[in-house]
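Open the model in a viewer and follow the stops below in order. Each stop names a selection and then says what is there.

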Amino acid sequence: MPSFDDSPAPSLSDEALVAAMAERHDAATVAFVRRYQRRVYGLARALVNDAGVAEEIAQESLVKAWRYASTYDPRRASVERWVLTITRRVAIDYLRRRRADPRDPVEFLNVAVASSDVPFDERVEHGDLRDRLQAALLDLPEEQRRAVVLASLHGRTAAEVADLEGIPLGTSKTRIRNGLLKLRAHPLLEKEPQ
Amino acid sequence: MTVDHHDPDFLSLRLEYALGTIDGRQRSVLAHHLDECDECAREVARVADLVDTLTLSAPDAEPSGGFESRVLHSIAREARPSPRRARVILAVAATALAVLATIGVLRVTSIQPAPRHATVVDLPLWSHHQKVGTVYASPGSASWVVVVSFQRSAVHHVDCVVVTTTGRLVDLGTFAYGSGASWWSALPVATDHVREIRLVSPTGSIVASSGTSHWGSWSAS
């Protein structure tokens, strides 16, 4: 049996945890679910209105991560991005096929800004990628921000974005494209390894 | 497919392909083009990567009480459709919580044999006759290793080198070392063809080794 003896044993890295989960180690599975449930549920909650449906999405996403753990490739993405990409796909399926009630596309950013006593600007200056992503999204003109989130996180086509926002198709395409281009060139995201 | 790379309709189509929002027919036409056009393939990869990155922007949120148990119940049902399996994995959840809360230690243990792979095997890492870490591996040919190094060390990065039974050296790459660093890597040779695992400093000295005399007796957990 693996033993850490009485050494100051560490928690496993995300990658090691997924490798152990792929081998169906129960303790690794429990640790993985415990480590990621708030991140996964947070993304689901940002996309759908109903908290119960968000939990269904989060549950299905974590089960899928467990099921496909052996396919995870650390050279392609961090564990966090991998599991959140799974969550995004499950959420899009709920929104499109199961007619889940979508949340206002940019409401989660308002929640994020108000979620701490530390001023948002200060958090961005010293913060992690999530803070910088939120700040970069908030720097976009609101109509582009809505179009980008609808197209990328909600999985809406340009035609659907046009319908939802009450704008011509060409305008919808332009907002999505310009918004994504601005995000990509945003100074806060420039140094982020892609 | 012949395209005008400045045509706004084509650029929109390419963007929607990267976003994953075009229909099957358009998708297959564009996929064919991407096979032949490096510029478009790179652009699609960049946008797809940005979309994946955007998933990180959502704030954490606390699910309702009992959520964790429901997830673990679902996994246990799928892992082995028996009430006993569900009881076992939930017992592990309770135990793990107690262990993490009291000593902050995660022990990767298989509580009962898993369906596909019966065991994980482990071997100590030694440095100057002291145990400084552990190598875990899944046996067989599609194998992986997890290396955990406890010791505080002036060396912070090491190359992990596998010495095979034929004397061949296989470099798995450069990894963090010491002070609780842990990482995993695919193992490109079957465990029964491994004679030793060495962690080598940037100056070429062996920082830690599994030792050759122990290697033939991986202990099953």
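**Stop 1**

Select A:D14, which is partly exposed at a relative accessible area of 22%; buried means under 20% relative accessible area, exposed over 50%, and partly exposed in between, with a 1.4 Å probe and protein chains only. This is a predicted model, in which local features need pLDDT of at least 70 and side-chain atom pairs count only at pLDDT 80 or more, while totals for chains, interfaces and linings use all residues. Residues are numbered from 1 along each chain as its sequence is written, chains are lettered from A and ligands numbered from 1 in the order in which they are written, and side-chain values use heavy atoms, leaving out hydrogens and water.

A salt bridge is a side-chain nitrogen of Lys or Arg within 4 Å of a carboxyl oxygen of Asp or Glu. The pair links distant parts of the chain, 21 residues apart: A:D14 is in helix α1 (residues 14-22) of chain A and A:R35 in helix α2 of chain A. Helices are DSSP runs of H or I with at least four residues, strands are runs of E with at least two, and both are numbered from the N terminus. A:R35 is partly exposed, at 31% relative accessibility.

**Stop 2**

How many salt bridges does the structure hold over all chains? There are 20.

Select A:R38 and B:E62, whose side chains meet in one at 2.9 Å, N to O. This pair crosses between chains, from helix α2 of chain A to the loop between α3 (38-54) and α4 of chain B. A:R38 is partly exposed, with a relative accessible area of 31%, whereas B:E62 is exposed at 54%.

Next take A:R39 and A:E80, a salt bridge with its closest N and O atoms 2.9 Å apart. A:R39 lies in helix α2 and A:E80 in helix α4 (residues 79-96), both of chain A, so the pair ties together parts that are 41 residues apart in sequence. A:R39 is buried, at 6% relative accessible area, and A:E80 is partly exposed, at 25%.

**Stop 3: a buried serine of chain B**

Select B:S74, in helix α4 (residues 67-79) of chain B. B:S74 is buried, with a relative accessible area of 12%. Leaving aside neighbours within four places in sequence, B:S74 is in contact (heavy atoms within 4.5 Å) with A:Q59 and A:V63.

**Stop 4: the nonpolar cores**

A nonpolar core is a set of buried Ala, Val, Leu, Ile, Met, Phe, Trp, Tyr and Cys residues joined through side-chain atoms within 4.5 Å. In the largest core, of 87 residues, select A:F32, A:W82, A:L137, A:I176 and A:L183, which touch the most other members. Helix α2 (residues 26-47) of chain A gives the largest share of this core, 12 residues. Around A:W82, not counting residues up to four places away in sequence, are A:V18, A:F32, A:A65, A:Y68, A:A69 and A:Y72, which A:W82 touches. Another core, of 21 residues, lies apart from the largest one and includes B:V145, B:F175, B:W183 and B:V189.
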